[in-house]
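Biologist: I have a structure open and would like to go through it with you. Can we take it piece by piece?

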Amino acid sequence: MLILAIIVFGLVVGIVAQMILGSSWSNADKGMAIVAGLAGSFVGGLLFNLITGDGIDLAPSGLIGSVVGAVVVTAIWQWFRSRRTA
């Protein structure tokens, strides 16, 4: 059950990251959202939690870091995708 919750959280964070970068909820790439959300949450959330001193506990700093990390991963992914098709 925990794995399912992690995947759903990654999906939501990834879609929020895509919406921040200009996509809409219905036009969001769900596959990219899951990957970017999970990767961004792992790296960004962990870094923000460690920087603020919260450790690895669930904290608002980790949630904000998850979104920031997912935005970075999504932006890099979209940049590579646009470069490949051009």
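Predicted model: local features only at pLDDT ≥ 70, side-chain atom pairs only at ≥ 80, totals over all residues.

Biologist: Where is aspartate 54 placed?

Modeller: Aspartate 54 is in the loop between α2 (30-52) and α3. Helices are DSSP runs of H or I with at least four residues, strands are runs of E with at least two, and both are numbered from the N terminus.

Biologist: What does aspartate 54 touch?

Modeller: Not counting residues up to four places away in sequence, aspartate 54 touches Asn49, Ala59 and Ser61. Contact means heavy atoms within 4.5 Å.

Biologist: And how far is aspartate 54 from alanine 28?

Modeller: Their C-alpha atoms are separated by 32 Å, and the two residues are 26 apart along the chain.

Biologist: Now the whole chain. How many helices and strands does the protein chain have?

Modeller: The protein chain has three helices and zero strands. Along the sequence, the pattern reads α-α-α.

Biologist: What percentage of the residues is buried?

Modeller: Buried residues make up 29% of the 86 residues in the protein chain. As for contacts with a separation of 6 or more, residues 24 or more positions apart account for 57% of them.

Biologist: Let's look at α3. How many residues does α3 have?

Modeller: Helix α3 has 26 residues and reaches 38 Å from its first C-alpha to its last, close to the 38 Å expected at 1.5 Å a residue. The expected span is 1.5 Å times one less than the number of residues in the helix.

Biologist: Which residues of α3 are buried?

Modeller: Ser61, Gly62, Gly65, Ser66, Gly69, Ala70, Val71 and Thr74 are buried in α3. The buried residues of α3 pack against α1 and α2.

Biologist: Pick serine 66. What is serine 66 in contact with?

Modeller: Leaving aside neighbours within four places in sequence, serine 66 is in contact with Phe9, Val13, Gly40, Ser41, Gly44 and Gly45. Serine 66 has a relative accessible area of 4%, so it is buried.

Biologist: And threonine 74, what does it touch?

Modeller: Threonine 74 touches Ala17, Gln18, Leu21, Met32 and Ala36, again not counting residues up to four places away in sequence. Threonine 74 counts as buried because its relative accessibility is 0%.

Biologist: Change of topic. How many salt bridges does the structure hold?

Modeller: The structure holds one salt bridge, meaning a side-chain nitrogen of Lys or Arg within 4 Å of a carboxyl oxygen of Asp or Glu. The side chains of aspartate 29 and arginine 81 meet in it, at 3.2 Å from N to O. The pair links distant parts of the chain, with aspartate 29 in the loop between α1 (2-20) and α2, and arginine 81 in helix α3, 52 residues apart.

Biologist: Last one: how many aromatic pairs are there?

Modeller: The count comes to one aromatic pair. The rings of tryptophan 79 and phenylalanine 80 have their centres 4.9 Å apart and their planes at 65°, so the pair is edge-to-face. Rings of Phe, Tyr and Trp (its six-membered ring) pair if their centres lie within 6.5 Å; planes under 30 degrees apart count as stacked, over 60 as edge-to-face and the rest as tilted.

Notes:
Residues numbered from 1 in each chain as written. Heavy atoms only, no water. Buried < 20%, exposed > 50% of the residue type's maximum accessible area, 1.4 Å probe, protein only.
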